Amino acid sequence: MCGIVGYIGGRQAVPILLEGLKRLEYRGYDSAGIAVVAEGRVLVEKKAGKISDLIAHLQGRDLPGTVGIGHTRWATHGEPNDTNAHPHVDCTGEIALIHNGIIENYAALKAELIAKGHRFRTETDTEALAHLIEEFYRRNGSLEESVRSALLQVQGTFGIAVISRREPDLLVAARRGSPLVLGLGEREYFLASDPNALVPFTQHVMYLDDDEVAVVRKDGLLVKTLRDVTVEKKAVELGLDLERIEKGGYPHFMLKEIMEQPETIQDSMRGRLLPEEGTARLGGIQHEIPSLLYARRMLFTACGTSWHAALIGEYLIEEFVRTPVEVEYASEFRYRDPVIDRDTVVWAISQSGETADTLAAIREAKRKGAKVFGICNVVGSSIARETDAGIYLHAGPEIGVASTKAFTSQVTVLTLLALLLGRMRSLSAAQGREMVAHLQALPSKVRRALANSDQVKEIAELYKNSRNFLYLGRGYNFPVALEGALKLKEISYIHAEGYPAAEMKHGPIALIDENMPVVFIATRDATYDKILNNIQEVKARRGRVIAVATEGDTEITRYVDHVLYVPETPHFLNPIVSIIPLQLLAYHIAVLRGCNVDQPRNLAKSVTVE
């Protein structure tokens with residue numbers, strides 16, 4: 001969630017640190033700070049608020065130095081203010097440290113350190129680690145050894161970077177459960193918690209794994225385990241360019257990413273459809289097909305938007321593969337002792353590939369003997385490395401905190417999976433070819449749905465001041481209702497709930513009056529007549545109804561206040577086109593309300609702490 005950057009080399013560190021932090025703004029944060037080693041001192045500057053506030057604070061301050069670290073903080077322990085912002089220092093001011101994650105035993109460590117005379121200045125868990133490193137540093141004089149020794153006493157998660165005035169040509173970094181990637185240059189090295197921060201500087205990177213420590217100097221780096229065993233690491237190509245992480249003329253990343261969906265859906269299918277055979281090719285799981293075919297059940301685990309995609313995946317796999325599927329919140333998975341055996345296949349879904357709860361669920365499933373597969377967007381991410389096999393989305397970087405293109409790519413990939421396995425089970429070649437044809441037509445249908453953005457904005461103008469929304473759908477469109485409601489509350493701060501349409505009369509109908517906008521996903525499918533009945537129940541109570549309906553459906557106009565049309569699409573692909581007007585509705589309402597669309601309050605793009 002927080003962001004880490006670091007630099008060591010021949011250039012001035014501060015401009016590089018600030019540029020890296022700007023690239024991490026989308027992750028969500030409430031304060032920012034930097035530290036550099038210069039003139040025999042560790043110089044620390046930090047500020048609550050945005051990076052622009054930190055930059056204004058730095059005006060007129062001379063911060064020379066070619067070794068430095070920077071951080072954007074998303075508060076966990078201690079309120080967001082100047083004092084609690086990172087970096088944190090030890091008693092002597094010799095050491096500066098930045099940290100992502102949570103030190104679970106910080107209270108015990110803090111009490112022990114205070115008893116030894118350490119003076120704490122902040123409310124954070126991180127400061128305990130700075131003082132613990134100081135305690136070892138007093139004894140051995142080696143920053144590397146002190147960091148390793150301190151981390152062996154830590155319970156919890158961490159991605160850290162540490163510098164010291166006593167060793168001005170050294171940067172030490174380490175991770176457990178919180179991502180870190182090293183960027184490689186010519187006699188210079190970069191560090192970040194997210195590869196996007198490295199794109200302006202290098203395309204060659206190394207990913208740290210859990211319980212690894214990077215010892216970085218200008219003339220080279222060494223990676224070790226916490227137990228002081230040297231690890232051989234290979235550099236990989238990042239494969240990102242600046243254009244893909246810029247706004248490209250759009251006012252917000254979120255709008256850019258909504259509008260990119262015809263291309264990102266196409267990219268998720270590129271090279272994977274086999275039209276003649278009526279099936280799909282998914283190279284990342286090809287060697288594990290027997291495990292998938294003979295699994296007695298599948299379990300999908302995810303969080304947030306990815307959980308909604310998983311619900312659609314449940315419908316797809318059960319309809320086309322006939323394998324029982326359960327969907328679990330990753331945040332609850334490991335705490336309820338789920339029933340898993342060797343005949344269970346677990347799928348973990350995450351845009352970032354770094355979601356802490358989903359990673360914990362993966363590890364719990366593996367401990368119980370299950371095969372674990374991943375669906376994620378970020379190459380080289382922790383989930384990609386820790387699963388037995390998986391499928392990449394190829395949706396490109398998603399910068400907006402509210403996920404849009406990743407959701408539609410996840411559903412696309414899950415459809416490819418259902419097609420591949422279904423053809424090996426019960427789908428005929430003719431049925432497979434028909435599914436392939438529908439998938440190939442999908443990008444153009446999404447493009448048509450996007451063309452209605454101005455009409456969506458007109459509706460947004462009418463309802464921008466509403467305090468509550470209700471979203472209702474049936475079958476495949478029930479998860480769409482959940483996702484539409486989530487998008488609205490994430491970025492506009494309007495309370496919204498998604499429900500199965502039939503459940504409305506089991507409670508939520510009590511909320512409906514002339515001030516309650518109700519969004520129905522009412523496309524023509526097997527539940528259409530039932531949805532019309534539900535709409536009339538709302539209208540009988542003077543509710544205002546916005547319907548997402550199939551092009552050409554004039555009947556529905558008799559029952560609703562507004563219609564947003566989407567192209568006719570088979571029921572199993574309908575979520576991908578139906579979500580488009582709901583993404584646009586959330587976006588336009590948020591903009592009209594003056595909300596920070598790309599960086600909504602209290603949210604982070606990648607939730608890397610529990």
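**Sheet and helix packing in a predicted model**

Mentor: An open sheet of eight strands, paired antiparallel, has the order β3-β2-β4-β1-β10-β9-β11-β15; helices (H or I, at least four residues) and strands (E, at least two) are DSSP runs numbered from the N terminus. This is a predicted model, in which local features need pLDDT of at least 70, side-chain atom pairs count only at pLDDT 80 or more, and totals for chains, interfaces and linings use all residues. Residues are numbered from 1 along each chain as its sequence is written, and side-chain values use heavy atoms, with hydrogens and water left out.

Trainee: What makes β3 and β15 the edge strands?

Mentor: Strands β3 (41–48) and β15 (236–237) each pair on one side only.

Trainee: How do you know that β2 pairs with β3?

Mentor: Two strands pair if DSSP finds at least two bridges between them, and eight bridges join β2 (residues 31–38) to β3, the two running antiparallel. In β3, K46 is the bridge partner of G33.

Trainee: Why is α14 called roughly parallel to α18?

Mentor: Helix α14 (residues 429–450) and helix α18 (residues 574–592) pack at about 25°, with their axes 9 Å apart. Axes are lines fitted to C-alpha atoms, for helices over the stretch in contact, and angles run from 0 to 180 degrees between N-to-C directions. Angles under 35 degrees count as roughly parallel, over 145 as roughly antiparallel, 65 to 115 as roughly perpendicular and the rest as oblique, so α14 is roughly parallel to α18.

Trainee: Which residues of α14 and α18 make the contact?

Mentor: With contact meaning heavy atoms within 4.5 Å, L442, K445, V446, A449 and L450 of α14 meet I576, V577, I580 and L584 of α18.
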